[in-house]
Amino acid sequence: NSKFISCGGDKQFFQWDVTTSQVIRKFVGHERKLNAVAFGPKEDTVLSASSDKTVRIWDLRAKGRGSIQTLSEATDSVLCLK
């Protein structure tokens, strides 16, 4: 696969094209820093975990910029995705 996702200590993450070293898409929506990102099982979705106590699900096929679902049941920062 020639694409990957990355996050840092801010509130956004990026999808990259490895062959061109270019950002394909920037994802924003979390209220606090991101701690983890991971592709979904079919690699058409991305999950992001944040210190804002949420996990968001993003559809890579959608043209919209927002997440398609927000899971907000956590009582503290979400640090990893398994």
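Histidine 30 sits in the loop that runs between strand S3 (22–28) and strand S4 (34–39) of this predicted model. Despite that loop setting, histidine 30 counts as buried, because its relative accessibility comes out at 6%, and the cut-off for buried is under 20%.

What does histidine 30 touch, leaving aside residues up to four places away in sequence? The list runs to Lys11, Ser48, Ser50, Asp52, Thr54, Arg56 and Trp58. Two of these neighbours also turn up in side-chain polar contacts: aspartate 52 pairs with histidine 30 at 3.0 Å, and threonine 54 pairs with histidine 30 at 3.2 Å.

Over to tryptophan 16, which belongs to strand S2, made up of residues 12–17. Is tryptophan 16 buried, exposed or partly exposed? With a relative accessibility of 25%, tryptophan 16 counts as partly exposed, because that class lies between the under 20% of buried and the over 50% of exposed.

The neighbours of tryptophan 16, again setting aside residues up to four places away in sequence, are Ser2, Lys3, Phe4, Ser6, together with Ser21, Gln22, Val23 and Ile24. Among them, serine 6 has a polar contact with tryptophan 16, side chain to side chain, at 2.9 Å. As for leucine 47, its C-alpha lies 16 Å from the C-alpha of tryptophan 16, with 31 residues separating the two in sequence.

How values were computed
Residues are numbered from 1 along each chain as its sequence is written. This is a predicted model: local features need pLDDT of at least 70, side-chain atom pairs count only at pLDDT 80 or more; totals for chains, interfaces and linings use all residues. Side-chain values use heavy atoms; hydrogens and water are left out. Helices (H or I, at least four residues) and strands (E, at least two) are DSSP runs, numbered from the N terminus. Buried means under 20% relative accessible area, exposed over 50%, partly exposed in between (1.4 Å probe, protein chains only). Contact means heavy atoms within 4.5 Å. A polar contact is a pair of N or O atoms within 3.5 Å; within protein, one must be able to donate a hydrogen and the other to accept it, and residues adjacent in sequence count only if both atoms are side-chain atoms.
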